[in-house]
Amino acid sequence: MHQFKVTSDSLNIRSAPIVNDTNRIGVLPKSQIVSKIENLDDNKWLKVTTILEGKILEGFVSQKFLSPITTFSINTLIKIGGVPIQQADGESAIFYEAGMSINADGAPNAYHPADTGIDFLANAGNPGNWWAIVVNKDGNPFIQGSTDPYPGYYISTTALSDSGFVKQDPRRYVDSTKIPYIVLPGNSEFKKLTGIKLGDFAVVYNTNNEKLAFAIYADIGPKNQIGEGSIALSQALGNDPLVRSRVRQGIPKGIVYVVFPGSGNGQPRIISEIEAETKRLFEIWGGIERIKSL
């Protein structure tokens, strides 16, 4: 898609190529980036699509208030563990390049009292300080019962959860073995600067093999670390992290993450929804050619 930026202080986007009091669907701020869908015959209006506050807008704008983009002006918002978190002028999407460590949280077979789960029990905490499994009021872990997916295992959690299930139900959490998800730092400054919330969508690209995957932000990690994803995400990017049925193998480098703040609804989503919604956001943002240019 050809991309333009808004040159006026604000620009109305309308549902039809005509000015009246009823067809304004949004107001685009100065420097907002839009992608062209088509030119109109009169060369006065352009049909465009854009991402505003995480939501897709499609409509008509006056061409005279747009300027073609030849290069993007990139800013570094913050560094996490030495990794620059970047953003282009006129966009809310953020991006960064790092490796990918593997998070098994949310998988019902992640942790077992005898430390025989697919992840090592130390990654869930320790007695009196469990952070990745469900505990009762006394701090003791719940054990899955006979009707649960993995009887005898602990119940592993993710920060993103489905409130329609009680806390000791494994279905409440986002299963790492099934859903491609990313982990972002529990860092208040990062959250403030980016506006990203649990449930927002992301595109993840493996520069080592050019595999692309769509993901959801589902868990929170240490405040000074970035570059982490689920088992399903790692596999979608061509890396099987399981060695002898345990999580052992991440991706050292070359993973580009593009995250769209405000794009989710704060709820877990099924794979088909994640893919459909993120694919459209990605196309408007610039698609595979732009991600390669980073």
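The lining of the largest cavity has six nonpolar, six polar and one charged residues. The model is predicted. Its largest cavity has a volume of about 120 Å³. Eight salt bridges are counted in the model.

**The cavity**

- The count of cavities of 30 Å³ or more comes to one.
- Thirteen is the number of residues that line the largest cavity, written 13 in the count.
- Ile 33, Thr 50, Ile 51, Glu 91 and Trp 285 lie nearest the centre of the largest cavity.

- Strand β5 is mostly covered, with six of its eight residues buried.
- β4 and β5 are antiparallel and pair over four bridges.
- Asn 39 has Leu 46 in β5 as its bridge partner.
- Five residues lie between β4 and β5 in their hairpin. In that turn, Asn 43 has a positive phi of about 60°.
- The hairpin of β5 and β6 has two residues between the strands. Glu 53 in the turn has a positive phi of about 55°.

- Side chains of opposite charge can pair when their charged atoms come close.
- Glu 58 forms a salt bridge with Lys 47, and their closest N and O atoms are 3.9 Å apart. Glu 58 lies in strand β6 (residues 55-62) and Lys 47 in strand β5 (residues 45-52), so this pair ties together parts that are 11 residues apart in sequence.
- Glu 58 has 40% relative accessibility, so this residue counts as partly exposed.
- Arg 290 and Glu 91 meet through their side chains in a salt bridge of 2.6 Å, N to O. This pair links distant parts of the chain, 199 residues apart. Arg 290 is in helix α4 (residues 287-293), and Glu 91 is in the loop between β9 and β10 (94-103).
- Both Arg 290 and Glu 91 are buried. Glu 91 is also among the residues nearest the centre of the largest cavity.
- Arg 246 and Asp 115 form a salt bridge, with 3.2 Å between the closest N and O atoms. This pair, too, links distant parts of the chain, 131 residues apart. Arg 246 is in strand β18 (residues 246-247), while Asp 115 is in the loop between β10 and β11 (125-126).
- Arg 246 is buried, at a relative accessible area of 13%. Asp 115 is partly exposed, at 30%.
- One network joins Lys 47, Glu 58, Arg 280 and Glu 283 through salt bridges that share partners.

**Strands β8 and β9**

- Strand β8 (residues 74-80) runs antiparallel to strand β9 (residues 83-88), and six bridges join them.
- Lys 79 has Pro 84 in β9 as its bridge partner.
- The hairpin of β8 and β9 has two residues between the strands. Gly 81 takes a positive phi near 55° there.
- Gln 87 lies in β9. At 16% relative accessibility, Gln 87 counts as buried, because the cut-off for buried is under 20%.
- Leaving aside neighbours within four places in sequence, Gln 87 is in contact with Ser 73, Ile 74, Asn 75, Leu 77, Ser 92, Ala 93, Ile 94 and Phe 95.
- Gln 87 and Ile 255 are 168 residues apart in sequence, and their C-alpha atoms are 17 Å apart in space.

- Strand β14 (residues 201-206) is mostly covered: six of its six residues are buried.
- Phe 201, Val 203 and Tyr 205 are buried on one side of β14. Ala 202, Val 204 and Asn 206 are buried on the other.
- β14 is joined to antiparallel strand β15 (residues 211-221) by six bridges. Six bridges also join β14 to antiparallel strand β19 (residues 251-260).
- Phe 201 has Ile 216 in β15 as its bridge partner, and stands opposite Phe 260 in β19.
- Four residues lie between the strands in the hairpin of β14 and β15. Glu 210 takes a positive phi near 65° in this hairpin.

Conventions
Residues are numbered from 1 along each chain as its sequence is written. This is a predicted model: local features need pLDDT of at least 70, side-chain atom pairs count only at pLDDT 80 or more; totals for chains, interfaces and linings use all residues. Side-chain values use heavy atoms; hydrogens and water are left out. Two strands pair if DSSP finds at least two bridges between them. A salt bridge is a side-chain nitrogen of Lys or Arg within 4 Å of a carboxyl oxygen of Asp or Glu. Buried means under 20% relative accessible area, exposed over 50%, partly exposed in between (1.4 Å probe, protein chains only). On a 1 Å grid over the protein atoms alone, a cavity is a set of points where a 1.4 Å probe fits but cannot get out, and a pocket is an open set with protein on both sides within 12 Å along at least five of seven lines; lining residues have an atom within 4 Å of a point. Grid points are joined across faces, edges and corners, and a volume is the space filled by probe spheres set on the points. Ala, Val, Leu, Ile, Met, Phe, Trp, Tyr, Cys and Pro count as nonpolar, Asp, Glu, Lys and Arg as charged, and the others, Gly among them, as polar. Contact means heavy atoms within 4.5 Å.
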